[in-house]
Amino acid sequence: MTEYDWPDWMPEPVRKELSDFWTCFGRTMADWERYVETTVPGGMAAVGSVRTIYSSGGPMTGRFVPAWNNMARVVWDDGTVRYGSFEQIGGVPTVSKKEWLDRGIVLFGPDMDGWRFVCPSCGNVQSVASILAVAPELARDDVKAWIYCDCQGRHVEGGCNWTLGGLLRTHRLEVVTADGSVVPVFEFAGG
Ligand SMILES: [Zn+2]
């Protein structure tokens, strides 16, 4: 493993991961420091500070170690290491599915038909209930499957025909599901 002035609290496996990633293909630990300075809110001062990251198991709080891209670890005092993602400078915020659902309930209540989403392209605000009001012939389950990622104009009158399934990445929020996959979503109205 590369000689580096590792902080005392950083467990061996984390040092090894960083070292393995950042010292191959001609990279050095200075590149990790540059990555931290340019990508992580707070820069190098953030390393080791107590922060919350997002994982499929929910938010995890501990000593913060940005690893690469938007991936980070948090380290607990007993040496436990947890994996997750963090909000990058200029990046797309990520929340766990549970956090996302909790937020929806806080904003709109437990009935998901009333959850209102904003199209990032045209600003249209839509919910399952608002769609079924203008297009009662649609199946509720079908509407539920696209209400958070397609503008209503793709399916019914109104809005535009934007979809987050397209190539242009305009979303401002990503949800991480239990199996670790990332789903771009429309933001909640007023959220
Ligand atoms: Zn739209």
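How many bridges join strand 5 to strand 8, and do the two run parallel or antiparallel? Keep that in mind while looking through these close-ups of a predicted model.

**View 1. Strand 5 meets strand 8.** Here's the answer: these two strands run parallel, and 3 bridges hold the pair together. Look for valine 95, which sits opposite valine 175 of strand 8. In general, strands of a sheet pair through backbone hydrogen bonds, and they can do so in parallel or antiparallel fashion.

View 2. Step back and you'll find 3 strands in the order 5-8-9, with mixed pairing. Strand 5 (94–96) and strand 9 (182–185) are the edge strands, each pairing on one side only. From one strand to the next, the twist averages 35 degrees. Helix 3, covering residues 97–108, packs on this sheet and touches both strand 5 and strand 8. The direction of helix 3 makes about 85 degrees with that of strand 5.

**View 3. The largest nonpolar core.** This core has 29 residues, and Ile53, Ala72, Val74 and Ile147 have the most contacts inside it. Among the elements that give it two or more residues are helix 1 (12–22), strand 2 (58–68), helix 4 (128–134) and strand 8 (173–176). Nonpolar side chains tend to be buried together in soluble globular proteins.

**View 4. Who surrounds alanine 72?** Skip the neighbours within four places in sequence, and alanine 72 is in contact with Ile53, Phe64, Val65, Pro66, Ala67, Gly84, Ser85 and Phe86. Ile53 shows up again here: like Ala72, it is listed among the core residues with the most contacts.

Technical notes:
Residues are numbered from 1 along each chain as its sequence is written. This is a predicted model: local features need pLDDT of at least 70, side-chain atom pairs count only at pLDDT 80 or more; totals for chains, interfaces and linings use all residues. A nonpolar core is a set of buried Ala, Val, Leu, Ile, Met, Phe, Trp, Tyr and Cys residues joined through C-beta atoms within 7 Å. A residue is buried if 20 or more other C-beta atoms lie within 10 Å of its own, exposed if 12 or fewer, and partly exposed in between; C-beta atoms are placed from the backbone. Helices (H or I, at least four residues) and strands (E, at least two) are DSSP runs, numbered from the N terminus. Two residues are in contact if their C-beta atoms, placed from the backbone, lie within 7 Å. Two strands pair if DSSP finds at least two bridges between them. Axes are lines fitted to C-alpha atoms, for helices over the stretch in contact, and angles run from 0 to 180 degrees between N-to-C directions.
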